[in-house]
Amino acid sequence: MVKMRPYISLTFAFSLLFTTLQANEHYLLPEQKSDLLQTLKRKVERAHTLSVISTDLESPILSRSIERLLKKKYQFTLITSSSSSAAYYAKYINTKVYLPPSQRPLEDFNINIFIIDKSDICISSLAFNEQLLRQTQGIVSCTTAREEIDFGLALIKKYQQRFELYN
């Protein structure tokens, strides 16, 4: 029994390290755009709920994954300042799309967050727009940290109250 303790401790240490490495991912854009989109695609395809705050959501890869999610009748919430993104996703059942009130200009609205199943969050310095991700420098951080997810969920609630439901 005494000889097993070092092995158990070592195994626990390696599993903790592996879990920590899996929980936090960082992407430097535009160099790691493909890796980011593939990661988001995989996360969306396994999701039951997806909430996104983004100035623009126009990516063919992400759109296909979100459409598959919606065909399974899972939930999608989009908060955006882009009327074209709002119009594209509002046509789906189980989707709630929010736009800023028309009397309030939002030149400085630049929050970009993906929350997947309330268990993963990705925060980006850029909107989830294919062309922007391909050409502009930025960073995206994805994590499973509870405090980050809670912060993102609080933002979702606040913006749902401040923005108008798109019909």
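**Around the pocket**

Tutor: Let's start with a pair: serine 51 has threonine 77 of S4 as its bridge partner. Before going on, know that this is a predicted model, in which local features need pLDDT of at least 70 and side-chain atom pairs count only at pLDDT 80 or more, while totals for chains, interfaces and linings use all residues. Residues are numbered from 1 along each chain as its sequence is written, and side-chain values use heavy atoms, with hydrogens and water left out.

Strands here are DSSP runs of E with at least two residues, helices are runs of H or I with at least four, and both are numbered from the N terminus. S2 and S4 are parallel and share six bridges; two strands count as paired if DSSP finds at least two bridges between them. S4 also runs parallel to strand S5 (residues 95-99), with four bridges joining them, and leucine 78 sits opposite valine 97 of S5. Five of the six residues in S4 are buried (under 20% relative accessible area, using a 1.4 Å probe and protein chains only).

Now for the largest pocket, with its volume of about 240 Å³. A pocket is found on a 1 Å grid over the protein atoms alone: it's an open set of points where a 1.4 Å probe fits, with protein on both sides within 12 Å along at least five of seven lines, and lining residues have an atom within 4 Å of a point. Grid points are joined across faces, edges and corners, and the volume is the space filled by probe spheres set on them.

Who lines the largest pocket? Both Ser51 and Thr77 do, and the lining also includes Thr49, Leu50, Gln75, Lys96 and Ile115. Strand S2 (49-54), strand S4 (75-80) and helix H6 (146-162) each give at least two lining residues, and H6 has the largest share, with four. By class, the lining holds four nonpolar, five polar and three charged residues; Ala, Val, Leu, Ile, Met, Phe, Trp, Tyr, Cys and Pro count as nonpolar, Asp, Glu, Lys and Arg as charged, and the others, Gly among them, as polar.

Step back to the sheet: eight strands form an open, mixed one in the order S1-S9-S7-S6-S2-S4-S5-S10. Strand S1 (24-29) and strand S10 (164-165) are at the edges with a single partner strand each, so one side of each has no neighbour in the sheet.

Terms used. Buried means under 20% relative accessible area, exposed over 50%, partly exposed in between (1.4 Å probe, protein chains only).
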